[in-house]
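Morning, everyone. I have one structure to show and two places in it to talk about. Here it is on the screen.

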Amino acid sequence: MKEQLNALRERALAELADLEQPKELEEFRVRLLGKKGEVTALLRGMGALPAEDRPAMGQLINQLRNELENALDAKEQEITSRLKEQRLLAERLDVTLPGKAADEGGLHPLNIVLADLIDIFQSMGFDVVDGPEVETEHYCFEALNVPKDHPARDMQDTFYLAENLLLRTQTSAAQIRTMEQRKPPIRMICPGRVFRADEVDATHSPVFHQVEGLVVDKGITMCDLKGVLEQFAHEIYGSDTKVRFRPSFFPFTEPSVEVDVSCSACGGKGCRVCKGNGWIEILGAGMVHPRVLAGCGIDPEVYSGFAFGIGLDRLTTTRYKISDIRLLFENDKRFLDQF
Ligand code: DAH
């Protein structure tokens with residue numbers, strides 16, 4: 001029986017050495033050490049031995065059993081760590097590979113120009129105010145001295161939401177709100193969207209942007225208007241840009257002007273951007289009409305002021321030589337990526 005034991009030991013250890021998978025180990029364990037396993041069978045077979053041989057034999061079998069159990073445990077550890085290593089190798093990441101670049105957002109060209117414009121006016125002591133896009137006739141027209149029969153008030157030009165409620169056609173409405181709320185000295189700009197019932201084409205859009213400006217104080221004259229607006233135009237277009245003031249008309253200013261700058265695309269010779277005449281109109285302005293001041297409770301005998309309305313879209317398209325205003329509103333990423 002001893003020989004049988006030794007043969008079993010040798011065969012089992014040799015077999016164990018060749019195993020590679022956890023499943024094979026388990027089968028091996030059941031086959032040798034399980035309830036119906038070979039080693040267990042040996043223990044059972046002891047009944048056939050003479051009683052005096054049994055203790056020694058039992059000891060030997062238990063020894064074999066322990067030996068095999070230890071060998072199995074060792075093998076199991078070996079297999080587990082080999083498998084773990086294989087998995088680590090297979091799942092290896094190359095951390096030196098270049099990553100996927102994230103698509104970065106950027107400012108819309110209108111916002112780039114607006115930020116410059118705000119900088120320029122803030123450095124001249126203006127502050128920035130906000131006004132509602134939905135306005136009443138009072139703020140958009142009445143208080144701005146726009147008479148009842150003025151064509152701007154027509155349904156064909158203005159989007160009415162209800163009687164006496166409309167989408168503002170001009171940021172000038174913010175002048176009135178500001179003067180009603182504050183006492184002079186006032187120096188403010190109000191950027192925002194405005195709405196007009198215009199057909200869409202390369203230079204017109206029913207939604208566009210203005211920046212309103214207002215200065216009210218004692219002793220403000222046309223010279224202040226000229227100085228501020230010239231300074232602004234030079235900062236936006238460069239100091240060699242020529243600035244021209246043309247007499248014009250707005251119901252809320254007297255006198256009124258329109259301001260042109262020499263075309264930055266052709267330097268004033270005439271090209272497609274300036275439609276051949278060498279100048280580009282960028283804003284309307286004027287001395288605030290005494291009736292408008294008085295209507296807001298500001299005494300026109302004591303105070304005077306000037307106001308202006310800048311076309312932000314025009315400023316942006318001329319600065320970046322954008323040929324079609326629609327590009328500003330379509331939000332095509334290929335266009336926006338260029339700024
Ligand atoms: N609101 C005028 C427009 O939409 C622009 C304008 C002109 C604004 C003269 C002013 C101003 O404040 O004084 O065409």
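I'll take the ligand site, then a pair of packed helices.

One caution before we start: this is a predicted model.

So, the ligand. How many residues surround the ligand? The count is 15, and the closest are Gln170, Gln175, Arg196, Gln210 and Glu212.

Now some individual contacts. Gln170 places a polar side-chain atom 2.8 Å from a ligand nitrogen. Gln175 also uses a polar side-chain atom, at 2.9 Å from an oxygen of the ligand. With Ala307 the backbone does the work: an N or O atom there lies 3.1 Å from a ligand oxygen.

How much of the ligand does the protein cover? On its own, the ligand has 350 Å² of accessible area, and the protein covers 90% of that.

Which elements give two or more residues to this shell? They are strand 6 (207-217), strand 9 (279-288) and strand 10 (304-311). By residue type, the shell has 8 polar, 5 nonpolar and 2 charged residues.

On to the helices. Helix 5 covers residues 109-123, and helix 10 covers residues 312-320. Their axes are 9 Å apart, and the packing angle is about 105°. An angle from 65 to 115 degrees counts as roughly perpendicular, so that is how helix 5 and helix 10 sit relative to each other.

Who makes the contact? From helix 5, the residues include Leu110, Val113 and Leu117. From helix 10, they include Leu312, Leu315 and Tyr320. The contact as a whole divides into 9 nonpolar, 3 charged and 1 polar. Among the residues in it are Asp116 of helix 5 and Arg319 of helix 10.

That's my part. Questions, please.

Note on methods: Residues numbered from 1 in each chain as written. Predicted model: local features only at pLDDT ≥ 70, side-chain atom pairs only at ≥ 80, totals over all residues. Heavy atoms only, no water. Near = heavy atom within 4 Å. Polar contact = N/O pair within 3.5 Å; in protein donor to acceptor, adjacent residues only side chain to side chain. Areas by Shrake-Rupley, 256 points an atom, 1.4 Å probe, with all protein chains shown as cover. Helix = DSSP H or I, 4+ residues; strand = E, 2+ residues; numbered from the N terminus. Nonpolar A, V, L, I, M, F, W, Y, C, P; charged D, E, K, R; others polar. Axes fitted to C-alpha atoms, helices over the stretch in contact; angles between N-to-C directions. Parallel < 35°, antiparallel > 145°, perpendicular 65-115°, else oblique. Contact = heavy atoms within 4.5 Å.
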